[in-house]
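Have a look at the fold below, and then let's walk through a few of its features together.

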Amino acid sequence: MTQEKTTKAWSGYLFVLITVALLAATIWCFVQGVRGPRPNVPFLIAAAVMVVVTILTAIGLFIVNPNESKVLVLFGKYVGTVKENGFFWANPFLVKKKVSLRARNLNGEKLKVNDKAGNPIQIAAVVVWQVENTFRASFDVDDYEHYVVVQSEAAVRHLAGRYPYDTFENHDEDTLTLRAGTELVNDQLEKELEERLARAGIKILEARISHLAYAPEIAEAMLRRQQASAVVAARHQIVNGAVSMVQLALEKLAHENVVQLDEE
């Protein structure tokens with residue numbers, strides 16, 4: 001069984017009245033049992049039984065707040081999940097485990113990993129998630145909150161190793177990089193997190209790279225490399241512009257018959 005089962009519980013207000021009535025009956029039986037010169041054993045026994053019943057009835061009361069749920073377990077058997085908000089009563093022997101359905105933020109720590117090119121980088125991600133399947137979150141993993149943290153770090157490390165931080169060669173301009181392909185990288189991160197966290201019944205609402213930088217030990221060298229690449233690119237653009245201007249001038253001269261140039 002891997003699917004949750006939504007169930008309903010009795011109204012808690014009705015059982016509050018029942019609890020009050022049982023408490024009043026308990027007091028009346030106790031008074032009747034000690035009222036005479038001798039204790040009235042039947043009334044005292046009835047009072048003791050009603051005390052136990054009153055306590056059990058009161059234990060069965062519980063509250064489900066908005067965007068929360070209660071997972072009900074009876075002696076190791078999953079009974080169902082109450083997702084409706086309100087004041088309810090259920091079997092007092094049921095274990096009622098609270099599972100929040102609210103969206104939560106995971107602000108991941110900065111991880112030091114190597115990109116596809118082997119360069120050490122620092123990367124971190126922000127993940128917005130919520131519980132979708134309360135059964136899986138409660139029983140398929142030991143601690144679903146810790147599971148989200150560990151699997152998110154693993155997904156970020158794996159993603160960073162699949163792509164280079166940046167490219168510098170012209171023939172690699174179409175290569176997907178962590179710095180330039182932010183949207184595509186974020187989409188890949190969301191898909192991987194959905195696959196990893198499906199076992200725990202977790203739904204990924206959003207996943208984004210929040211920090212991306214070279215590791216401090218190579219940051220200065222990479223900055224100089226980027227500056228050099230920018231200079232080379234600028235010179236390349238200048239040369240292309242100059243050649244285009246010469247070509248345009250020659251075509252203009254030939255078109256207006258200003259001068260006839262041979263091949264030499």
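Which strand and helix each supply at least two residues of the lining of the largest cavity? They are strand S9 (120-131) and H4, with helices (H or I, at least four residues) and strands (E, at least two) taken as DSSP runs numbered from the N terminus. This is a predicted model, where local features need pLDDT of at least 70, side-chain atom pairs count only at pLDDT 80 or more, and totals for chains, interfaces and linings use all residues. Residues are numbered from 1 along each chain as its sequence is written, and side-chain values use heavy atoms, leaving out hydrogens and water.

Now for helix H2 (residues 41-59). Its 19 residues should span 27 Å at 1.5 Å a residue, and that agrees with its end C-alpha atoms, which are 27 Å apart; the expected span is 1.5 Å times one less than the number of residues. Ala47, Thr54 and Thr57 of H2 are buried (under 20% relative accessible area; exposed is over 50%, partly exposed in between, with a 1.4 Å probe and protein chains only). Down the axis of H2, the buried residues fall within an arc of 90 degrees, so they line one face of the helix; the arc is that of the directions from the helix axis to the C-beta atoms. Pro42 and Ile45 are exposed, on the face of H2 turned away from its buried side.

Finally, glycine 181 sits in the loop between helix H4 (144-162) and helix H5 (182-197). Glycine 181 is buried, because its relative accessible area is 11%. Tyrosine 165 is 16 residues from glycine 181 in sequence, and their C-alpha atoms are 9.8 Å apart in space.
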